[in-house]
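Here are my notes on this structure. Please read them with the model open.

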Amino acid sequence: MKLWVDGGLHDAATARVSVLDHGLTVGDGIFETVKATAGRTFALTRHLERLARSARGLGLPEPDLDEVRRACAAVLEANPMALGRLRITYTGGLSPLGSERGDTGPTLVVALGEASRRPDSTAVITVPWTRNERGALTGLKTTSYAENVVALARAHEHGASEALFANTVGQLCEGTGSNVFVVVGGRLLTPPVSSGCLAGITRALAAEWTGAEEADLPLDVLERADEVFLTSTLRDVQAVHRIDGRQLAGAPGPVTAKAMRVFDERAASDLDP
């Protein structure tokens with residue numbers, strides 16, 4: 001396995017990032033996960049645009065997106081696989097031990113890991129912790145992910161693949177690495193980004209291609225929604241068949257099944273929508 005570190009390809013066993021990198025010591029970094037099928041990326045332009053937005057939000061230097069594209073291409077060429085998770089990580093670089101950022105410049109790492117197609121449906125839980133819709137990092141895809149690690153571990157303990165958060169005012173927000181859609185009274189709805197959720201790439205495409213509406217939703221909408229599905233880079237559109245102790249019989253339901261079909265068709269017809 002070869003990966004890209006600061007300007008070139010390296011064997012995974014010998015690739016090095018400083019132990020004093022700010023991404024390691026304080027989580028000062030951003031990232032993107034891009035789906036790659038047989039060496040071809042999906043929605044790379046949208047992912048790179050969000051990478052740049054996250055960098056600006058975190059106060060990092062603007063990433064050289066041409067270099068990032070070259071790094072992605074080199075890593076994909078060096079590691080052929082049927083379905084991969086292409087991970088772009090961009091950090092504050094070598095810095096003092098503390099919150100102050102150093103002046104040596106950022107670190108760029110691009111790596112690829114094998115992935116498998118997700119099941120058509122999954123189980124989720126809700127967790128007691130909240131997303132802060134007014135936080136400094138809200139809407140940024142940062143490497144400060146420990147909160148998600150804890151919530152996802154809770155989900156796995158309960159036989160689920162994802163944990164869903166409310167925000168500080170009790171509205172449905174998002175999962176640890178996914179966005180959520182619900183069907184209520186025949187309407188397909190998803191929380192707005194003002195709820196504190198990440199502006200997911202798959203979320204945006206699914207909403208555009210299905211006509212879903214944004215709406216502020218209480219967390220307990222999950223107790224009465226007719227259908228629920230998740231979206232993310234590697235889930236695409238995935239039905240939910242259980243929420244906590246509630247079973248959603250017949251998942252994927254008709255609205256979700258149509259969304260899954262439409263997403264697959266549109267994504268296959270345009271790899272960089």
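1. A definition first. On a 1 Å grid over the protein atoms alone, a cavity is a set of points where a 1.4 Å probe fits but cannot get out; lining residues have an atom within 4 Å of a point. Grid points are joined across faces, edges and corners, and a volume is the space filled by probe spheres set on the points.

2. Now the ground rules. This is a predicted model: local features need pLDDT of at least 70, side-chain atom pairs count only at pLDDT 80 or more, and totals for chains, interfaces and linings use all residues. Residues are numbered from 1 along each chain as its sequence is written, and side-chain values use heavy atoms, with hydrogens and water left out.

3. The domain assignment gives domain 1 (2-114) and domain 2 (121-269); such bounds come from an automatic or database assignment. Their C-alpha centres lie 26 Å apart. Domain 1 puts 24 residues into the contact, and domain 2 puts in 20 residues. Contact here means heavy atoms within 4.5 Å.

4. How many cavities of 30 Å³ or more does a search of the whole structure find? The search finds one. The volume of the largest cavity is about 50 Å³. K35, F42, A43, H47, I201, T202, L205 and T233 line the largest cavity.

5. Look at where that lining comes from. Each of domain 1 and domain 2 supplies at least three residues. Helix α5 (residues 201-210) gives the largest share, three residues. Helices (H or I, at least four residues) and strands (E, at least two) are DSSP runs, numbered from the N terminus. By class, the lining has four nonpolar residues, three polar and one charged. Ala, Val, Leu, Ile, Met, Phe, Trp, Tyr, Cys and Pro count as nonpolar, Asp, Glu, Lys and Arg as charged, and the others, Gly among them, as polar.

6. Next, an open sheet. Six strands pair antiparallel in the order β2-β1-β6-β5-β3-β4. β2 (8-11) and β4 (40-41) are at the edges with a single partner strand each, so one side of each has no neighbour in the sheet. Two strands pair if DSSP finds at least two bridges between them. Two bridges join β1 (residues 2-5) to β6 (residues 107-114). V5 stands opposite V109 in β6.

7. Finally, strand β7 (residues 121-131). Four bridges join β7 to β14 (residues 236-243), in parallel. T122 has V240 as its bridge partner in β14. Five bridges join β7 to β8 (residues 162-167), also in parallel. There, T126 stands opposite L164.

Terms used:
On a 1 Å grid over the protein atoms alone, a cavity is a set of points where a 1.4 Å probe fits but cannot get out, and a pocket is an open set with protein on both sides within 12 Å along at least five of seven lines; lining residues have an atom within 4 Å of a point.
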